[in-house]
Structure formats: C-alpha cells, structure tokens
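Q: I'm new to this one. Can you walk me through it?

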Amino acid sequence: MKLAIFASGSGSNAEAIVRYLHDNQPEKGIRVACVITNKADAYVLDRAKRLGIPALYLTSDQLKSQETLLPILREYGVSHIVLAGYLALIPKFLLEAFPQRIVNIHPALLPKYGGKGMYGMHVHETVKAAGESETGITIHVIDEEYDRGTTLFQAHTKVSPEDTPEEIAQKVHVLEHRYFPEVIACWVLGDPQPEL
C-alpha cells in the first residue's frame with residue numbers, strides 16, 4: 001500500500017510518518033510513495049529530498065485538475081492519501097477517486113475549532129482565548145467540508161492558563177508526532193486504533 005502525503009508547510013509530520021513506516025512497518029508493505037505540496041517554497045520539499053521520497057510542487061490549478069492530478073497519483077501507485085498540514089480544500093473528484101481513503105489531522109479536538117481558516121496558530125490562539133483547559137488532535141477521514149468526516153482517533157493534552165499559543169502548539173506537535181504515523185498504519189491495515 002502506497003501513500004501520498006499532501007503538505008503545505010515544514011513537513012515535520014510527513015517526516016515522522018516516513019520514518020515510522022520505514023522503522024516499524026516494512027513487513028506490512030506500507031510506504032510513502034510521494035509528497036505533494038501546493039507551496040513552491042515549502043520546507044517539506046527539502047525534507048522529502050533528504051528522505052529519498054519523490055516530491056512535487058503543483059500549482060493550485062494543477063491540484064484542481066482531474067486530468068493533471070489523477071495520472072500523477074496513478075503513476076506512483078497511490079492507494080491512500082494523507083493530509084499533513086495541507087491548507088487547501090480537497091476537490092470532489094479526488095474524494096470520489098479515493099473514497100474513505102483520505103485522512104487528515106487537525107490540531108484541536110473537533111468539532112471544536114474547526115472549519116475554514118482554522119489551521120496552525122489560528123487554532124491555538126483561539127483555544128487560548130477561549131480559556132480551554134485541554135486541547136489535542138483529531139485524526140479523521142475527510143469529506144467535502146473542512147474538518148468534518150469520520151473521526152478515527154483523538155488524543156488530549158492539558159492547557160494551563162499560563163500557556164502561550166506557542167506552548168500550546170508545542171504540546172499539540174508532541175501528540176501529532178507520537179500518534180499520527182501509528183494511526184495511519186492502523187487505518188490503512190484495518191487494525192484497531194492505538195490505546196491511549
């Protein structure tokens with residue numbers, strides 16, 4: 001089974017996934033076939049190169065084009081898509097081509113703090129402003145709306161009144177790197193999700 005990782009930024013989650021699958025799952029036959037980004041200067045391109053993973057920058061128009069994107073995914077033999085900090089809505093044709101086979105991670109406990117514009121530090125700033133005592137991650141199979149779909153897994157972390165949005169982000173990153181790769185492997189294989 002071959003994964004395509006879609007990412008828009010630094011790619012720390014993408015790297016964690018590649019390393020986890022290489023170290024823990026080689027006998028299961030899951031690997032990352034390619035990385036795709038919608039940002040020409042995304043650091044994920046450098047990470048992928050260092051890890052020996054093919055990486056492609058595609059324009060917004062290319063990513064919205066069935067005639068462009070689907071042949072690329074077929075060329076790499078992609079069976080599942082992982083959204084790891086990918087900041088664009090997935091087009092309907094891709095949902096239809098990969099039904100129930102596109103997974104996303106969100107840096108909050110959905111259904112709270114989801115939807116258009118709720119990504120990265122925007123989420124952590126909103127969690128801080130709301131005075132929440134906890135936050136976390138939600139890993140979910142996507143549908144046609146931002147941050148909806150079937151939840152596979154959630155993990156929680158405490159938030160103290162003294163925490164800055166940056167400190168909240170660090171706590172959430174720890175959860176992302178700890179759980180996202182394992183949850184992906186379980187999802188692809190149809191295994192039970194990890195115990196908290």
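What follows is a short chat about this structure.

Q: What kind of model is this?
A: This is a predicted model, where local features need pLDDT of at least 70 and side-chain atom pairs count only at pLDDT 80 or more, while totals for chains, interfaces and linings use all residues. Residues are numbered from 1 along each chain as its sequence is written, and side-chain values use heavy atoms, with hydrogens and water left out.

Q: Which domains does the protein chain have?
A: The assignment gives domain 1 (1-99) and domain 2 (105-195). Such bounds come from an automatic or database domain assignment.

Q: How many residues of each domain are in contact?
A: On the domain 1 side, 21 residues; they touch 18 residues of domain 2. Contact means heavy atoms within 4.5 Å. The domain centres, taken over C-alpha atoms, are 20 Å apart.

Q: Let's look at β4. Where do its side chains point?
A: Strand β4 covers residues 80-83. His80 and Val82 point one way, and Ile81 and Leu83 the other. In a regular strand the side chains alternate between the two faces of the sheet.

Q: Are those four buried or exposed?
A: All are buried. Buried means under 20% relative accessible area, exposed over 50%, and partly exposed in between (1.4 Å probe, protein chains only). Strands (E, at least two residues) and helices (H or I, at least four) are DSSP runs, numbered from the N terminus.

Q: Which strands does β4 pair with?
A: Strand β1 (residues 2-7) pairs with β4 in the parallel sense, over four bridges. Strand β5 (residues 102-106) also runs parallel to β4, joined by three bridges. Two strands pair if DSSP finds at least two bridges between them.

Q: Which residues face each other there?
A: Ala4 has Ile81 as its bridge partner in β4. Val82 stands opposite Val103 in β5. From β4 the chain passes through helix α5 (residues 92-97) to β5, a right-handed β-α-β crossover. Right-handed means that, with the strands pointing away from the viewer, the path from the first strand over the helix to the second runs clockwise.

Q: New topic. Which residue does UniProt list as "active site"?
A: The unreviewed UniProt entry lists His106. UniProt positions are in the numbering used here, feature names are shortened, and annotations may be inferred rather than shown by experiment.

Q: Where does His106 lie, and is it buried or exposed?
A: His106 lies in strand β5. It counts as buried because its relative accessibility is 2%.

Q: What is His106 in contact with?
A: Leaving aside neighbours within four places in sequence, its contacts include Tyr113, Met118, Thr138 and Asp147. A polar atom of the His106 side chain lies 2.6 Å from the backbone oxygen of Tyr113.

Q: What about the backbone of Tyr113?
A: Tyr113 has a positive phi of about 60° although it is not a glycine. Its place is the loop between β5 and α6. Pro111 is in the loop between β5 and α6 (120-129) too, and the peptide bond from Leu110 to Pro111 is cis, with omega near 10°.

Q: And what is the phi of Gln100?
A: Positive, about 60°, and Gln100 is not a glycine. Gln100 sits in the loop between α5 and β5. With a relative accessible area of 53%, Gln100 is exposed.

Note on methods:
A polar contact is a pair of N or O atoms within 3.5 Å; within protein, one must be able to donate a hydrogen and the other to accept it, and residues adjacent in sequence count only if both atoms are side-chain atoms.
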